[in-house]
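Here is a friendly note to read with the model open on your screen. Please take the points in order and find each residue as you go.

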Amino acid sequence: MNLPAAELFKSSKLIHRYAGNPILSAGDVPYPTALTFNAGVTKFNGKYVMIFRNDYGSVEEQRIAPHDTTDLGIAYSEDGIRWEVGPKPVFKLRDEEIIRCYDPRLTVLDGRCYMCFAVDTKHGIRGGIAVTDDFETFEILSLSTPDLRNMVLFPEKIRGRYTRLERPFTVYSRGGVDRFDTWISESPDLKYWGGSELLLAVEHVPFANDKVGPAAPPIRTSHGWLTTFHAVDIDSARGKNGWEPTWKKRYTAGIMLLDLDDPRRIVGMSQTPLLSPEASYEVEGGFRNNVIFPGGMILEDSGEVKIYYGAADAVVCLATANVDDLVRLCLE
């Protein structure tokens, strides 16, 4: 497997990490979680809302609890920086077939908040969509067939249809290798999905050799849908980079621009990462180091873009940029 050139892996100078990172960690949560990361973030009814993943266990022992303990917590903010965490988790799935749900993504559509999430089952990984108006009651609208993950919804209908990005696990068709791509699908009702097409393949991204997939839900700009994605490179020479005996992957954040009327068409894409693991909380002390995974992106009236991302599979962080700079980065 060819490795991307080392000089590719520097964060763009156009994006700025928040000096107070991480903005949310396990120590901020009023119940005994060990890892708090990969959050979906949006603005809803005048407030910033974050739904984050909780993995339980022991930081001191570098041990996580069984997967069926994973759940989702909630936090609110007035400014998108300082967060008040809810007293208990707000969403969990567990039954004879379902093991857990995780990695939420939030999209506001027609005044309601929709949450995409991943579901581990005894017979594969499924992608779910739920809707809520109060973050206390969630109605599950659909669960995909295995194996599908990293689904995100566009914040409005396009040509009368709902649209989502997704990352199937196409192991058999890719020769049994760990190599996954980004697809796009549409739906008349958020329940039944089809019209699926390949959008972005690993070979299209100079800084990936393993997989590419959706990250934060896209945001509308006058030039197109500004869309982050995660890009993964793997190097068999990497050793122990976290709690596990070995971790050979690095996750970076890429950015692209999709056509407003036909998001199956990529208008432009940065040929280098938007964010690459560099800060201490991204490269050391986490469950899996060298990981950046955006889960939320908010465009402010000022033109500032807030990008929320999981770092080292352990904490939630924030980076900011100007929307015009990000569009220009894609078009260059």
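1. Start with the largest pocket, which holds about 400 Å³ of space. Keep in mind that you are looking at a predicted model.

2. Strands S2 (35-44), S3 (47-55), S8 (98-109), S12 (148-153) and S19 (249-258) each give two or more residues to the lining of the largest pocket. The largest share comes from S8, with 3 residues.

3. Now try colouring by class. The lining of the largest pocket has 11 charged residues, along with 8 nonpolar and 4 polar ones.

4. Move on to the second largest pocket, where you will find about 250 Å³ of space. Its lining is made of 15 residues, and Thr42, Pro155, Ile219, Met297 and Ile298 are the ones nearest the centre.

5. Which strand supplies the largest share of the lining of the second largest pocket? That is S21, with 4 residues. At least two lining residues each come from S2, S8, S17 (219-221) and S21 (292-299).

6. Finish by colouring this lining by class as well. In the second largest pocket, 10 lining residues are nonpolar, 3 are polar and 2 are charged.

Definitions and conventions: Residues are numbered from 1 along each chain as its sequence is written. This is a predicted model: local features need pLDDT of at least 70, side-chain atom pairs count only at pLDDT 80 or more; totals for chains, interfaces and linings use all residues. Side-chain values use heavy atoms; hydrogens and water are left out. On a 1 Å grid over the protein atoms alone, a cavity is a set of points where a 1.4 Å probe fits but cannot get out, and a pocket is an open set with protein on both sides within 12 Å along at least five of seven lines; lining residues have an atom within 4 Å of a point. Grid points are joined across faces, edges and corners, and a volume is the space filled by probe spheres set on the points. Ala, Val, Leu, Ile, Met, Phe, Trp, Tyr, Cys and Pro count as nonpolar, Asp, Glu, Lys and Arg as charged, and the others, Gly among them, as polar.
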